[in-house]
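Dear colleague,

Please find below the sequence and structure that I am handing over to you. My findings follow directly after them.

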Amino acid sequence: MRASPRSGTPGAWSLPGGAVDHGENPNDTVVRETAAETGLSVAVAGLHDVVADMRALPHKGITIHTDRLIYTVTIRGGSLIDRVGQPTDLARWFTLDEAAALPLRPFAATALGLAPASVDLRPDEAPDFPSFYAYPGPDGLHRAQRFAAYAVATDPDGRILLTRIAADYPGGGCWHLPGGGTDYGEQPGAALLRELLEETGQPGEIVELLGVGSHRDPASLGPEGYPIDWHGVRAFYRVAVDRPCPPTIHDVGGSTDDVRWFTMAEVAALAESEMTEVTIEAMRAAELP
């Protein structure tokens with residue numbers, strides 16, 4: 001896709017796709033956005049990667065952090081179209097050699113295995129913004145959309161590490177995967193390992209990306225004290241903890257009030273109501289009980 005004069009980087013080429021609407025599953029986003037930008041109907045074949053980047057727009061006085069889900073898709077049909085008056089204006093097929101000669105957005109070059117380009121202006125450092133922000137939605141209800149990364153963390157004995165959500169937070173009392181929201185400018189993998197250490201005291205190593213989940217709670221109620229239409233997009237990874245130590249909660253008084261190593265038999269004995277949705281989904285992706 002070529003960026004049009006209406007975009008922040010006119011003339012730059014990128015992969016088809018776009019922003020996840022509030023409450024939308026990212027699998028549906030990539031199908032919808034590809035059809036809108038290219039005229040092609042696609043089916044998701046798999047998740048290729050999850051990355052983040054920052055782009056500075058000095059003429060607007062802003063820096064944008066974007067979490068990007070890179071999918072492999074297959075073409076079901078349709079014909080390429082050119083758009084008028086939109087942020088992208090051309091859609092074309094290229095060989096990898098031809099793509100290497102284009103002014104590619106850096107995340108697109110990386111996804112294609114090509115040398116990173118310098119099309120985007122990158123800030124020297126990340127702005128200091130809160131990782132969570134709720135804003136009034138069109139219906140007057142506050143809404144929030146947050147990207148997070150979670151770990152299916154196991155030790156050499158085959159145990160799995162779970163945390164318990166504190167009572168005043170959504171899902172309070174349920175067992176959950178260690179992890180949490182990414183900070184501004186932070187890569188998902190780095191955020192995951194940071195959260196793992198902060199929440200449980202365990203140093204870990206990422207083994208593989210397992211998948212991405214999407215969950216919306218139209219009236220989530222947490223410590224803010226008012227309902228929030230909450231949409232979470234969560235990447236989950238398999239993580240190896242080769243040298244486990246006694247679990248320790250470093251962020252005392254936060255959203256986690258307990259952490260334990262569970263045997264697979266103990267996990268299998270938990271009712272689904274005792275675990276969060278993302279925990280169940282991630283463990284199924286990892287083919288665990």
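**Findings: surface, spaces and salt bridges**

With a relative accessible area of 36%, Leu-80 is partly exposed. Please note that this is a predicted model. Leu-80 sits in the loop between β3 (62–78) and β4 (88–90). Together with Ile-75 and Trp-93, Leu-80 makes a nonpolar surface patch of about 340 Å².

The loop between β3 and β4 also holds Asp-82, which pairs with Arg-92 in the loop between β4 and α2 (96–100).

In the whole structure, 17 salt bridges were found. One of them joins the side chains of Glu-24 and Arg-32, at 2.8 Å from N to O. Glu-24 is buried, its relative accessible area being 14%, whereas Arg-32 is partly exposed at 32%. A further salt bridge connects Glu-195 with Arg-194, where the closest N and O atoms lie 3.4 Å apart. Glu-195 counts as buried because its relative accessibility is 12%, and buried means under 20%. Arg-194, at 21%, is partly exposed. Both residues belong to a network of salt bridges that also includes Asp-183, Glu-186 and Glu-198.

A search of the whole structure gave one cavity of 30 Å³ or more. The largest cavity contains about 30 Å³ of space. Its lining is formed by Asp-53, Met-54, Pro-106, Phe-107, Asp-120 and Arg-122, with β2 (40–57) and α3 (106–111) each giving at least two residues. By class, this lining has three nonpolar and three charged residues, and no polar ones.

The second largest pocket holds about 1,100 Å³ of space. It is lined by 41 residues, of which Arg-146, Tyr-150, Tyr-169, Trp-230 and Ser-255 are the closest to its centre. Two or more lining residues come from each of β6 (142–154), β7 (160–165), β9 (179–181), α4 (188–200), β10 (205–220), β11 (228–240) and α6 (277–285). The lining of the second largest pocket divides into 15 nonpolar, 15 polar and eleven charged residues.

With kind regards

Terms used. Residues are numbered from 1 along each chain as its sequence is written. This is a predicted model: local features need pLDDT of at least 70, side-chain atom pairs count only at pLDDT 80 or more; totals for chains, interfaces and linings use all residues. Side-chain values use heavy atoms; hydrogens and water are left out. Patches are made of residues with over 30% relative accessible area and no salt bridge: like charges are joined within 9 Å, nonpolar side chains (Val, Leu, Ile, Met, Phe, Trp, Tyr) within 5 Å. Accessible areas come from the Shrake-Rupley method with a 1.4 Å probe; for residues, only the protein chains shown count as cover. A salt bridge is a side-chain nitrogen of Lys or Arg within 4 Å of a carboxyl oxygen of Asp or Glu. Helices (H or I, at least four residues) and strands (E, at least two) are DSSP runs, numbered from the N terminus. Buried means under 20% relative accessible area, exposed over 50%, partly exposed in between (1.4 Å probe, protein chains only). On a 1 Å grid over the protein atoms alone, a cavity is a set of points where a 1.4 Å probe fits but cannot get out, and a pocket is an open set with protein on both sides within 12 Å along at least five of seven lines; lining residues have an atom within 4 Å of a point. Grid points are joined across faces, edges and corners, and a volume is the space filled by probe spheres set on the points. Ala, Val, Leu, Ile, Met, Phe, Trp, Tyr, Cys and Pro count as nonpolar, Asp, Glu, Lys and Arg as charged, and the others, Gly among them, as polar.
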